[in-house]
Amino acid sequence: MTARLTARDITLRYGDRVVSTRLSLDVPDGAFTAVVGPNACGKSTLLRALVRLLRPDAGQVRFDDREVGGYPAKALAKQLGFLPQDPLAPDDIKVRQLVGRGRFPHQSLLAMWSRDDEEAVTEAMAAAGVEDLGDRPVQELSGGQRQRVWMAMVLAQRTPYLLLDEPTSFLDITHQYQLLGLLARLRDEGRTVIAVLHDINQACRFADHLVAMKDGRVVAEGDPADIVDAALIKDVFDLPSVIVPDPVTGTPMVVPTLQGE
Amino acid sequence: MTVTEPRERKELPRLRVERRTVVLTVVLLALLLGLALLGLCYGASWSTPGEVLAVLTGAEHSVVILDWRLPRVLAALVFGAALGVAGALFQNLTRNPMGSPDVIGLDAGAYTGALVALTVLSGTSAQLAVGSVAGGLLVAAAIYLLSFDRGFSGLRLVVIGIAVNAMVTAVNSWIVLRAELEVAIAAVGWSAGSLNGVGWADLWIPFTVIAVLLTLMATRAHAMHQASLGDAIAVATGVGLDRLRLLMVLVGVGCTATVTAVAGPIAFIALAAPQIGRRLAGAAGVPLLPAALTGAVLLQGADLLAQMLLAPVALPVGVVSTAIGGCYLIWLLTKEVGRA
Amino acid sequence: MTVAGHAPETARTRRAVPQLGLLVGGLALLAAVAVLSIGIGARSVPPAEVVRALVDFQGTDDHVIVRDVRAPRALLAVAVGAALAVAGALIQTLARNPLAEPGILGVTAGAGFAITVGSALGLAAGQAGELGFAVIGSVLAALLVAAVGRRSPLRLVLTGVALTAVLGGVGLGLRLMLPDVFDMYRFWSVGSLAAREQAPLELPLAAIGVSLLGALLLSRALNALTLGESVAHTLGAGVVRVRAATLALITVLSGAATAIAGPILFVGLIVPHLARRPAGGSVPWLILYTMVLGPVLLLVADIGSRVLLPTGEVPVAVVTAFLGGPMLIWAVRRYGAGAL
């Protein structure tokens, strides 16, 4: 397993609150990595550090042989695409314009809008299933539609790495599976996907590599089939459960044994 | 590749938005030229457009038009554009229309600098210029430092700016109260913003400064729009946020202070022009070009009205620009309610 | 879930005692500042003598000064401070916007403009006339701003600022054309308590008193409204009625305060920001705290306005801005700008 994107012994904090100390992670190339864990365990913080939105207090995040902070801004943006939880849409922006904003790292003062940009936007909108929304103002869309538009924006960036912070949170169940299927397809085409996911069963079904976090630490990582058992779920989520094979894919499926009071 | 029917339908709207921006630009430019021509014609004695054109092309000579009216008209256009851009920059920076330089106290700070030059020093135009640029920069630096606490927050900057504005305005009234009478009268007369009596000698430095600042900003306008998607997306798509913000602050402060040094604190154009411009253009976010054009039209139109309304007494242009811009902005906001 | 359900209850009982303590402390501070304010002036009266004059009037010179000049002025400061601060708290709660304030939302400007128009027509003489015009002006301004800014906090503030700008501009134009009005307005427009104590002001004072009481009665319903319209409906609060009543209180409070003292800005912005944290999200406590803190701020500012300048008085509005600015900056840096 090779990893171009790595975190070594990083310490992360927001203000005075230390989120993680001496955290290390290799993001396996060409794989679909899912990060799971209870609320506020440092999943999003880790992702933000990987795309250099947060500078580690100690340790390094490296892409190939350089620290991510050492790259020119646009050079790194051509490699790592990132979808945060709370992106901001400017007032009155149309869907197609917003998706086009994903082309920013590929443009310069002299080459503002090219045929490549046009193609990338059309393709990304089709992939995210928003091709019919092109002329709609983003602020009029539903939460789920908006999330797919943002997904299209990140796809239009055409990066080999996709880092996604809870990309399914506003989607209905059908769109959740469609999006995860899309991510798996992108992985098959050779891209590297790392996503924070809420639903452990979805993570087990779609990801090749599972990273379980708790209190800012990586508790376990590896193929879901190898690492997911009742003890891990009890440890990470404090949830008693039994693990059964997913009737469709055979991957581990967590069935909580908690039945109320 | 065959172009299918639905795809063509989808392409159209994007073109329509762009066309609207282009049409708006052309309309505003035409309006701007018309108002400028009117400004050159209007005065104590009316010159016909023909006479004005003859003077401009060098066929005739007229001190009144070339040395009195032309600098005033150009000042209104350039200053209006500079204020509009300054407003758009700060509104983008804070993601809030209330983040305009005049609301958060940059005008007031520049005015303080000028007041100090007037009362403590002898009040030459060089002192006024240096004083107001220094005042504007100091206030901007203070607001920026005060609002930078574990990262940047637009709303925090706006509220702190409003507080700073209140304090600086209080300092200004205090200086005027303590000043000798003739200085106080000069200072108050200047406080509403006026283009009365500007000549070429006052203008070439401000014009150069504004031209340099606007050119600098134009090269980074694309990145500024990208930054309106939020810090996370901006960084992830390759915007150097820290440098961009610094440039936006410097250009915004520079434009505001330069205009204030010559014409006094002309309030409200920085707030209104970007908001009017973006609604007219139907554009996403707060773009710079419509803001600049709207600012120029607003200030030149206001200056004309200021000269005409109570002629021969000239009103301070700030009073008129405020009244017109305010009414128009309220009207636009009203239309928005109906639509939403 | 049972554990989580209990948490707010215990938190509330635990907090009620310090909240009451803070209120008592605030009242003691208010009393001390009031005595100080009555004592300080061209002829200073020691605090003990002030208290004696108020409880046991002897008819000495000091006692006469206290009863006829100083005490009424302090009373005005208390009333105006409470009115502005509570109006600010109400408007911020209603608009769910930390920037909302009668001054920023154009309500004060509406009152000021109405008084200008009233005196231009020769109708705004006497306390009833002034109060009437001020309240009508505030009501019209508030209605316009509320109608245009409906459902969008940002549009609300924009409309308010635009309206303030327009009314300011038109008012200034009107005053430039009518020198008599200008003369009267110049005295009033600076925002001051000086020499107001002699004017008969029972009517505006009574209006403020009744409205403050009303605000307290409404505060529990407003508490429900802060959870959002739909929740308020399910909790059984008549949203429309509560809104209308609150709006009426805001306009009467700021109209009456403006009629008494002229436009004093920022008290309504600053005081609620200071009181919000100790109030811990409870509107009744917020109203109580602002009712105490507003007068403290204005009394201190009024003392400052009398001692700062040896030759005369600094308008209290100038001192308020100077005192309140740093407080607001501190509160925003400590607690954040959006903490509503």
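A: In chain A, four strands form an open sheet in the order S2-S1-S4-S5, with antiparallel pairing. Strands here are DSSP runs of type E of at least two residues, helices are runs of type H or I of at least four residues, and both are numbered from the N terminus. Two strands pair if DSSP finds at least two bridges between them. The model is a predicted one, in which local features need pLDDT of at least 70 and side-chain atom pairs count only at pLDDT 80 or more, while totals for chains, interfaces and linings use all residues. Residues are numbered from 1 along each chain as its sequence is written, and chains are lettered from A and ligands numbered from 1 in the order in which they are written.

The edges of the sheet are strand S2 (17–27) and strand S5 (66–67) of chain A, each of which pairs on one side only. Strand S1 (residues 5–14) of chain A is joined by five bridges to strand S4 (residues 58–63) of chain A, and the two run antiparallel. In this pairing, Thr6(A) stands opposite Arg62(A) of S4(A). Helix H1 (residues 43–50) of chain A packs on the sheet and touches S1, S2 and S4 of chain A, and its direction makes about 120° with that of S1(A). Such angles run from 0 to 180 degrees between N-to-C directions, with axes fitted as lines to C-alpha atoms, for helices over the stretch in contact. Two residues are in contact if their C-beta atoms, placed from the backbone, lie within 7 Å.

A further antiparallel pair in chain A is formed by strand S9 (residues 209–214) and strand S10 (residues 217–222), joined by five bridges. Val211(A) stands opposite Glu221(A) in S10(A). The hairpin of S9(A) and S10(A) has two residues between the strands, and Asp215(A) takes a positive phi near 50° there.

Another site in chain A is Leu197(A), which lies in the loop between strand S8 (192–196) and helix H7 (200–206) of chain A. Leu197(A) counts as buried because it has 26 C-beta neighbours inside 10 Å; the cut-off for buried is 20 or more other C-beta atoms within 10 Å, against 12 or fewer for exposed, with partly exposed in between. Beyond its neighbours within four places in sequence, Leu197(A) is in contact with Ala34(A), Val36(A), Thr168(A), Gln202(A) and Ala203(A). The C-alpha atoms of Leu197(A) and Pro167(A), 30 residues apart along the chain, are separated by 7.5 Å.

Chain A as a whole has nine helices and 12 strands. Its radius of gyration is 19 Å, close to the 18 Å that the globule rule gives for 261 residues, so chain A is as compact as a globular protein of that length. The radius is taken over C-alpha atoms, and the rule is 2.2 Å times the number of residues to the power 0.38. Of the 261 residues of chain A, 45% count as buried. Among contacts in chain A with a separation of 6 or more, 62% are between residues 24 or more positions apart.

Chain A also meets chain B, in a contact that takes 22 residues from chain B and 29 residues from chain A. On the side of chain B that touches chain A, helix H1 (5–41) and helix H10 (231–236) of chain B are the elements that give two or more residues. By class, this side of chain B has 10 nonpolar, nine polar and three charged residues. Ala, Val, Leu, Ile, Met, Phe, Trp, Tyr, Cys and Pro count as nonpolar, Asp, Glu, Lys and Arg as charged, and the others, Gly among them, as polar.

The largest nonpolar core has 299 residues, of which Ala152(A), Val85(B), Val80(C), Ala83(C), Val86(C) and Ala256(C) touch the most other members. Helix H3 (residues 61–95) of chain C gives the most to this core, with 18 residues. Such a core is a set of buried Ala, Val, Leu, Ile, Met, Phe, Trp, Tyr and Cys residues joined through C-beta atoms within 7 Å.
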